[in-house]
Amino acid sequence: MHPPATPAALLFAYAFLSNIALAFVPHEPAIIWYGPRLGVWTTTLVATAGTMLAAVVDHRMFAPLIARMARASSPSSPLSASRRGGEGVRTWPERLFRRFPFVTIALSGLTPLPFFPFKALALATGCPAGKYTAAVAARCLPRYALLAWLGAAVQVPVWIMVALFALLMIPSLRMVWWRRAAS
């Protein structure tokens, strides 16, 4: 039996929009919400597919932009030197990432840390698109399965879902308000 097309399409679109580079909406509440409605594995696979599409779009849009910025910057720039493999300033996260990019991205899904620093590091260090997309899938699949299972196993009241969404929106709204105040 196939899941209804409309909820699956909505989840796919939301997963894409909540994982694109400049997104500011959380994906966790949507995955928890759809877990009991679409089933754990359908929710997991649809949300992962939307996230993988976002990864492809991010890589195609931002990796070339970052490369151009690195070439245009002064030759002594740390980003320019590190992209060329030169003696740029390399921090321990960058050294770790350059050595194990797939593992670093995949394991980042097991941490409560936000993903955008790992995404920025992948794009800035020139991680290949296929490896990056596969690592994003490996990162999301277990995380989304756990969130969908949580939604299916525990009857989460709507008011808690709304509160969770609002709570997860605070960092994004704070960034938007901070930018307006600085202008």
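Guide: Helices (H or I, at least four residues) and strands (E, at least two) are DSSP runs, numbered from the N terminus. The model is predicted: local features need pLDDT of at least 70 and side-chain atom pairs 80 or more, while totals for chains, interfaces and linings use all residues. Residues are numbered from 1 along each chain, and side-chain values use heavy atoms, without hydrogens and water.

Visitor: Which element gives the most to the nonpolar patch?

Guide: Patches join residues with over 30% relative accessible area and no salt bridge, like charges within 9 Å and nonpolar side chains (Val, Leu, Ile, Met, Phe, Trp, Tyr) within 5 Å. A salt bridge is a side-chain nitrogen of Lys or Arg within 4 Å of a carboxyl oxygen of Asp or Glu. This patch consists of Trp92, Leu96, Phe100, Phe102, Val103, Leu107 and Leu110. Two or more residues come from each of α5 and α6, and the largest contribution, 3 residues, is from α6.

Visitor: Why does phenylalanine 100 count as partly exposed?

Guide: Phenylalanine 100 lies in the loop between α5 and α6. Buried means under 20% relative accessible area, exposed over 50%, and partly exposed in between (1.4 Å probe, protein chains only). Phenylalanine 100 is partly exposed because its relative accessibility is 39%.

Visitor: How many residues does α6 give to the lining of the second largest pocket?

Guide: On a 1 Å grid over the protein atoms alone, a pocket is an open set of points where a 1.4 Å probe fits, with protein on both sides within 12 Å along at least five of seven lines; lining residues have an atom within 4 Å of a point. Of the 13 lining residues, those closest to the centre are Trp92, Leu96, Thr104, Ser108 and Phe118. The largest share of the lining comes from α6, with 4 residues.

Notes. Areas by Shrake-Rupley, 256 points an atom, 1.4 Å probe, with all protein chains shown as cover.
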